[in-house]
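Please keep the sequence and the structure in view while reading.

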Amino acid sequence: MSDPRHDDTLPAGDTPGGRHERPAAVLFDRDGTLIEDVPYNSDPRLVRVLPGVPEALRLLRTAGIPTAVVSNQSGVGRGLLTENQVRLVNARVDDALGGFGTWVYCPHHPEAGCHCRKPKPGLVIEAARRLAVPAEKCVVIGDIGADVLAAQAAGARAVLVPNAVTRAEEITAAPHTAPDVLSAVRLLLGHGPETAPVPVAETWGWDR
Ligand SMILES: [Mg+2]
Ligand SMILES: [Zn+2]
């Protein structure tokens, strides 16, 4: 029986921490992954960055790995949000975290039959295109099964960072999980999880 820790025994698409598998880009889900999930949030003042996220982005920036956000915002299609409100919230997150390479979101109603709403691959494919990297060399980090499925549908890899809304079967089905975004990024960069503790809390002031 092969040792699952031995990267060479695993298929290339299943080695997020493998030293030959550094991602060409990391694509993040927004709500419940980068920031607290405030359903259909239209107010930038309600943006709260989740613990470990700023440090994770610093690590990626230092490593020269481009980043993007791929987000379902069906509140637009449901008539609960305007696109401008989505853009204002996105801008707040972008500002707080030092800027992402690109932002892509799906504004459509879940029943609109679009090709961008996760678990469809459209957002992942578009983010990869804009970053000029192959989708299959990207990794998606998200908090629910739809993030993982969108990644897989686009040929990308995925790391699930579960939270209270993540279903048990989504966790079971995920190829890789991590307890938080910083751990997920350390995994992708081939850092041991023991190299530094995850900060218990990040202090983020909004009065800059
Ligand atoms: Mg989410
Ligand atoms: Zn869509």
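## Terms and basis of the model

A residue is buried if 20 or more other C-beta atoms lie within 10 Å of its own, exposed if 12 or fewer, and partly exposed in between, with C-beta atoms placed from the backbone. The model is predicted: local features need pLDDT of at least 70, side-chain atom pairs count only at pLDDT 80 or more, and totals for chains, interfaces and linings use all residues. Residues are numbered from 1 along each chain as its sequence is written, while chains are lettered from A and ligands numbered from 1 in the order in which they are written.

## Overall composition

The protein chain contains 6 helices and 5 strands; helices (H or I, at least four residues) and strands (E, at least two) are DSSP runs, numbered from the N terminus. Along the sequence these elements follow the pattern β-α-β-α-β-α-β-α-β-α-α. The chain has 208 residues, of which 42% count as buried.

Two residues are in contact if their C-beta atoms, placed from the backbone, lie within 7 Å. Among contacts between residues at least 6 apart in sequence, 61% join residues at least 24 apart.

## The sheet

The 5 strands form an open sheet in the order β3-β2-β1-β4-β5, and the pairing is parallel; two strands pair if DSSP finds at least two bridges between them. β3 and β5 (157–160) each have a single partner strand, so they stand at the edges with one side left without a neighbour in the sheet. Neighbouring strands are turned by 20 degrees against each other on average, direction ignored. Such angles are taken between axes, which are lines fitted to C-alpha atoms (for helices over the stretch in contact), and run from 0 to 180 degrees between N-to-C directions.

Strand β2 (residues 67–72) pairs with β3 in the parallel sense over 5 bridges, and Ser71 stands opposite Tyr105 in β3. Between these two strands the chain passes through helix α2 (residues 83–96), and this β-α-β crossover is right-handed: with the strands pointing away from the viewer, the path from the first strand over the helix to the second runs clockwise. β1 and β4 run parallel and are joined by 4 bridges, with Leu27 opposite Val140 in β4. Helix α3 packs on the sheet, touching β1, β2, β3 and β4, and its direction makes about 160 degrees with that of β3.

## A pair of helices

The axes of α1 and helix α6 (residues 181–188) come within 8 Å and cross at roughly 20 degrees.

Most residues other than glycine have a negative phi, and most peptide bonds are trans. The peptide bond from Lys118 to Pro119, however, is cis, with omega near 20 degrees. Pro119 lies in the loop between β3 (102–106) and α3 (122–131).

Tyr40, in the loop between β1 (25–28) and α1 (53–63), has a positive phi near 55 degrees. Is Tyr40 buried or partly exposed? Tyr40 counts as partly exposed because 14 C-beta neighbours lie inside 10 Å. Ala132, in the loop between α3 and β4 (138–142), has a positive phi near 60 degrees. With 10 C-beta neighbours inside 10 Å, Ala132 counts as exposed.
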